[in-house]
Amino acid sequence: MTTAQTEKLSMPSEIFDEMARKYKNGLGGAQNDIVRALLSHSKERHPIKSDSIIHDNACGPAVVTSEILTRGIDPLPHIFATDYAQGMVEIANSYKERGGWDTVSVQQMDGQALSFEDEKFTHSISSLGVFMFPDDKKGLAEMYRTLKPGGWVGVTSWSDVRWPTAAISTYEKLFPDAKEPIILPQVKNWMDPENCQKNLRQAGFHSIKVETIPCINRQPTKEMGASAFAEFLRHVSPTVKSWDDQTREEFMLSFRQLIEDMYSPSTNGSGVELTMYAIVTSGSK
Ligand SMILES: C[S@@+](CC[C@H](N)C(=O)[O-])C[C@H]1O[C@@H](n2cnc3c(N)ncnc32)[C@H](O)[C@@H]1O
């Protein structure tokens with residue numbers, strides 16, 4: 001029996017609408033660690049300055065945007081933050097209003113069909129975004145089209161997001177004779193540095209730099225960390241969605257226990273943490 005069908009699932013924007021409010025806490029700051037690593041590539045090769053024009057593509061709750069805005073660049077550069085999920089756009093807009101982000105424009109937009117003109121941006125960034133588009137090649141082609149010649153591209157993806165191992169183990173334990181694998185939204189052609197480099201090269205980018213980095217999911221308690229992953233799995237796995245309530249709850253109990261065991265006390269003494277691994281890839285047009 002194969003125990004996991006890892007494929008690119010077409011995830012309608014409604015799934016991300018539902019997850020929007022919980023997304024930020026669920027990853028426990030790991031997403032910011034990843035963006036900081038990505039922005040350090042930009043600093044080396046193509047620093048962001050006041051006159052930069054930046055695309056934060058599949059922005060979620062404006063993660064890239066907010067990291068850029070805290071870098072002390074004065075005056076602030078223009079950032080166009082886009083996402084296809086209305087729920088994410090609303091959160092990004094609420095941050096814009098609260099923070100008085102006058103140089104930021106937030107728009108609902110599919111990354112596979114950007115409505116921006118050719119060669120608009122100096123920096124085109126998609127952290128944990130383009131790799132999960134149903135058509136990631138089209139997403140990269142759109143990033144290429146909208147980037148100025150000589151501009152900088154930065155993308156990130158998961159190398160090991162940890163929860164799939166727990167989901168597969170739980171499935172094997174509860175359904176040892178299952179004929180069908182559990183379906184999980186893992187994206188195979190973005191899970192190792194060689195493939196990530198190839199994806200950018202095939203999209204036309206050059207001078208590609210790629211590295212795998214650890215990032216830390218920090219939570220107040222291991223139970224809260226496990227609940228966040230359980231909630232995510234409920235939304236994204238068609239297998240889990242297809243079960244009746246009792247089967248799903250039995251699975252989740254076991255899954256949550258395995259995730260809890262993965263967390264360890266935080267090195268700074270407060271709460272717990274789980275190390276995940278991401279791939280940070282950047283290049284030039
Ligand atoms: C894992 S989140 C990443 C959010 C953020 N960039 C970060 O660094 O944490 C993935 C985001 O991609 C968005 N997304 C997925 N498919 C998309 C598409 N085709 N076009 C635009 N956004 C998309 C989702 O709505 C979600 O906000």
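This is a predicted model: local features need pLDDT of at least 70, side-chain atom pairs count only at pLDDT 80 or more; totals for chains, interfaces and linings use all residues.
Author: Two strands are said to pair if DSSP finds at least two bridges between them.

Reader: What makes strand 2 and strand 3 a pair, and in which sense do they run?

Author: Pairing needs at least two bridges, and strand 2 is joined to strand 3, residues 78-83, by five bridges; the two therefore meet the cut-off and count as paired. They run parallel.

Reader: How do you know that strand 2 also pairs with strand 5?

Author: The reasoning again rests on the bridges: three of them link strand 2 to strand 5, residues 121-127, in the parallel sense, and because at least two are needed, this too is a pair. Within it, His-55 stands opposite Ser-124 in strand 5.

Reader: Why is strand 2 described as largely enclosed?

Author: A residue is buried if 20 or more other C-beta atoms lie within 10 Å of its own. Four of the five residues in strand 2, residues 53-57, are buried, so the strand is largely enclosed by the rest of the structure.

Reader: Which elements make up the right-handed β-α-β unit, and where does Pro-75 lie?

Author: The unit consists of strand 2, helix 3 (residues 63-69) and strand 3. Pro-75 is found in the loop between helix 3 and strand 3, and the peptide bond joining Asp-74 to Pro-75 is cis, with omega about -5 degrees.

Reader: How do you know what span to expect of helix 8, and which of its residues are buried?

Author: The expected span is 1.5 Å times one less than the number of residues. Helix 8, residues 222-236, has 15 residues and reaches 21 Å from its first C-alpha to its last, close to the expected 21 Å. Its buried residues include Lys-222, Gly-225, Phe-229 and Leu-233.

Note on methods
Residues are numbered from 1 along each chain as its sequence is written. A residue is buried if 20 or more other C-beta atoms lie within 10 Å of its own, exposed if 12 or fewer, and partly exposed in between; C-beta atoms are placed from the backbone. A crossover is right-handed if, with the strands pointing away from the viewer, the path from the first strand over the helix to the second runs clockwise.
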